[in-house]
Amino acid sequence: MAVTIKDVAKIANVAPSTVSRVIANSSRISEKTKKRVREVMEELGYHPNFIARSLASHSTRAIGLVMPSSSDAVFQNPFFPTVLTGLSEGAHAKQYALHMTTGKTDDEIYDGVVAMVQGGRVDGVVLLYSKVEDRVISYLKKRDFPFFVIGKPFKDDENINYVDNDNFKAGKEVTEHLIQLGHDRIAFIGGNLDLVVTVERIEGYEKALRNSGIRLVDEYIINDEFLQESGQDAVEVLLSLDQPPSALVVADDLMALGVLNKLDEMGIEVPKDISIVSFNNVLIAEMARPPLTSVDINIFDLGFQAAKNLIQKIENPEEPIKRIIVPFNIVTRYSCDRPKESLV
């Protein structure tokens with residue numbers, strides 16, 4: 001037979017209402033009583049019925065996760081499992097569940113979010129991307145529904161909760177790293193221009209070149225999805241130019257892996273013939289041959305902070321708007337060297 005609140009109350013010698021308040025972690029109950037009640041709950045193997053509680057409190061204790069479109073790209077890129085681990089830990093700490101919605105198109109994603117929100121399935125939403133134009137953000141703002149964005153919103157960012165890195169600064173600093181090695185023909189292989197992260201990293205890259213008096217070459221900037229194949233395609237285009245680049249800034253480690261594979265096929269050595277810096281510092285950056293110099297953006301922390309701060313907003317709607325910037329650092333490995341001509 002299932003253990004009930006009344007069973008716990010009887011053995012702990014308190015009222016059933018006291019047990020309910022302990023489960024809800026009410027500040028009205030002393031720590032001593034909480035400790036006693038929790039010990040009895042553990043002893044009896046009592047687990048609160050969260051579904052029944054959510055019906056009574058109009059709270060689901062669940063967070064909706066909105067993934068970017070194209071499920072293939074999402075599940076191929078190591079960024080997402082890492083950020084999901086951070087989200088999961090942040091939610092678990094407060095006993096919240098995660099409810100994921102995916103879709104192959106923007107319309108499918110939008111419909112999934114509407115169904116989650118209007119169906120009362122979640123208390124808040126985390127968007128795992130930031131796009132230049134996004135109906136989902138407009139919808140959530142209009143409904144005044146709690147949400148957090150991983151990535152800087154394209155507009156109205158002072159009125160939206162988000163967690164991000166300073167991607168402009170990161171793009172600038174990795175480009176400066178290559179300039180300091182003596183490179184002046186530096187190309188940028190980026191993700192989709194519809195993503196704010198891509199736009200900001202390109203702006204940082206361009207700023208570093210301008211500051212150093214290096215001419216911007218339009219043909220040196222190529223954008224595509226954050227996939228291995230995209231990196232391979234980009235390399236072919238760049239190396240067929242009359243003046244191919246001597247260094248590459250690649251906006252994602254998975255793309256950089258594609259770049260390395262293609263260069264290897266072409267008999268071009270890294271870093272002897274061409275240097276590469278990348279972003280995200282996932283495990284493949286360390287395992288690549290040669291190991292990649294990459295920007296560690298603390299992916300786990302991006303997820304953890306999003307979940308933790310969204311729950312704070314859910315539990316206290318008066319919480320101020322938060323713009324959290326997670327620090328990054330450049331991890332130097334063996335994919336960069338001085339340009340070939342300066343080594344002769």
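Ser59 counts as buried, because its relative accessibility is 18% and the cut-off for buried is under 20%. Ser59 sits in the loop between H4 and S1. In this predicted model, the C-alpha atom of Ser59 is separated by 27 Å from that of Asp107, 48 residues along the chain. The protein chain as a whole has 15 helices and twelve strands, and its C-alpha atoms fill a box of roughly 85 × 40 × 35 Å along the principal axes.

**The chain overall**

- The protein chain has 344 residues, and 49% of them are buried.
- Of the contacts between residues at least 6 apart in sequence, 70% join residues at least 24 apart.

**Helices H2 and H3**

- Two packed helices are described by the angle between their axes and the distance between the axes.
- Helix H2 covers residues 16–23 and helix H3 covers residues 31–44; they pack at an angle of about 95 degrees, with axes 10 Å apart.
- H2 and H3 are therefore roughly perpendicular to each other, since that term applies to angles of 65 to 115 degrees.
- H2 contributes Thr18, Val19, Val22 and Ile23 to the contact, while H3 contributes Thr33, Lys34, Val37, Arg38 and Met41.
- By type, the residues of the contact of H2 with H3 are five nonpolar, two polar and two charged.
- Ile23, a residue of helix H2, counts as buried because its relative accessibility is 15%.
- Between the C-alpha atoms of Ile23 and Lys155 there are 40 Å, and the two residues are 132 apart along the chain.

**Helix H12 and what follows**

- Helix H12 (residues 253–265) has 13 residues, which at 1.5 Å a residue should span 18 Å; its end C-alpha atoms are 18 Å apart, so the two values agree.
- The expected value is 1.5 Å times one less than the number of residues.
- At the start of H12, the backbone nitrogen of Leu254 has a side-chain oxygen of Asp252 within 2.8 Å.
- Buried residues in H12 are Asp253, Leu254, Met255, Ala256, Gly258, Val259, Leu260, Lys262 and Leu263.
- Pro271 lies in the loop between H12 and strand S9 (275–279), and a cis peptide bond with omega of about 5 degrees joins Val270 to Pro271.

- The loop between helix H13 (283–287) and S10 contains Pro290.
- Arg289 and Pro290 are joined by a cis peptide bond, with omega of about 0 degrees.
- Thr293 belongs to strand S10 (residues 293–296).
- With a relative accessible area of 1%, Thr293 is buried.
- Not counting residues up to four places away in sequence, Thr293 touches His177, Ile276, Val277 and Ser278, and also Ile330, Val331, Thr332, Arg333, Tyr334, Ser335 and Cys336.

- Most residues other than glycine have a negative phi, and most peptide bonds are trans.
- Arg61 is not a glycine, yet it has a positive phi of about 50 degrees.
- Arg61 is in the loop between helix H4 (50–57) and strand S1 (62–66), and Ser59 lies in the loop between H4 and S1 too.
- Asp144 also has a positive phi, near 55 degrees, and is a residue other than glycine.
- The loop holding Asp144 runs between helix H8 (135–142) and strand S4 (147–150).
- Asp144 counts as exposed because its relative accessibility is 70%, and the cut-off for exposed is over 50%.

**Glu315 in helix H14**

- Glu315 lies in helix H14, which covers residues 299–315.
- At 43% relative accessibility, Glu315 counts as partly exposed.
- Leaving aside neighbours within four places in sequence, Glu315 is in contact with Arg61, Lys94 and Tyr96.
- Glu315 and Asp123 are 192 residues apart in sequence, and their C-alpha atoms are 9.4 Å apart in space.

Note on methods:
Residues numbered from 1 in each chain as written. Predicted model: local features only at pLDDT ≥ 70, side-chain atom pairs only at ≥ 80, totals over all residues. Heavy atoms only, no water. Axes fitted to C-alpha atoms, helices over the stretch in contact; angles between N-to-C directions. Helix = DSSP H or I, 4+ residues; strand = E, 2+ residues; numbered from the N terminus. Parallel < 35°, antiparallel > 145°, perpendicular 65-115°, else oblique. Contact = heavy atoms within 4.5 Å. Nonpolar A, V, L, I, M, F, W, Y, C, P; charged D, E, K, R; others polar. Buried < 20%, exposed > 50% of the residue type's maximum accessible area, 1.4 Å probe, protein only. Polar contact = N/O pair within 3.5 Å; in protein donor to acceptor, adjacent residues only side chain to side chain.
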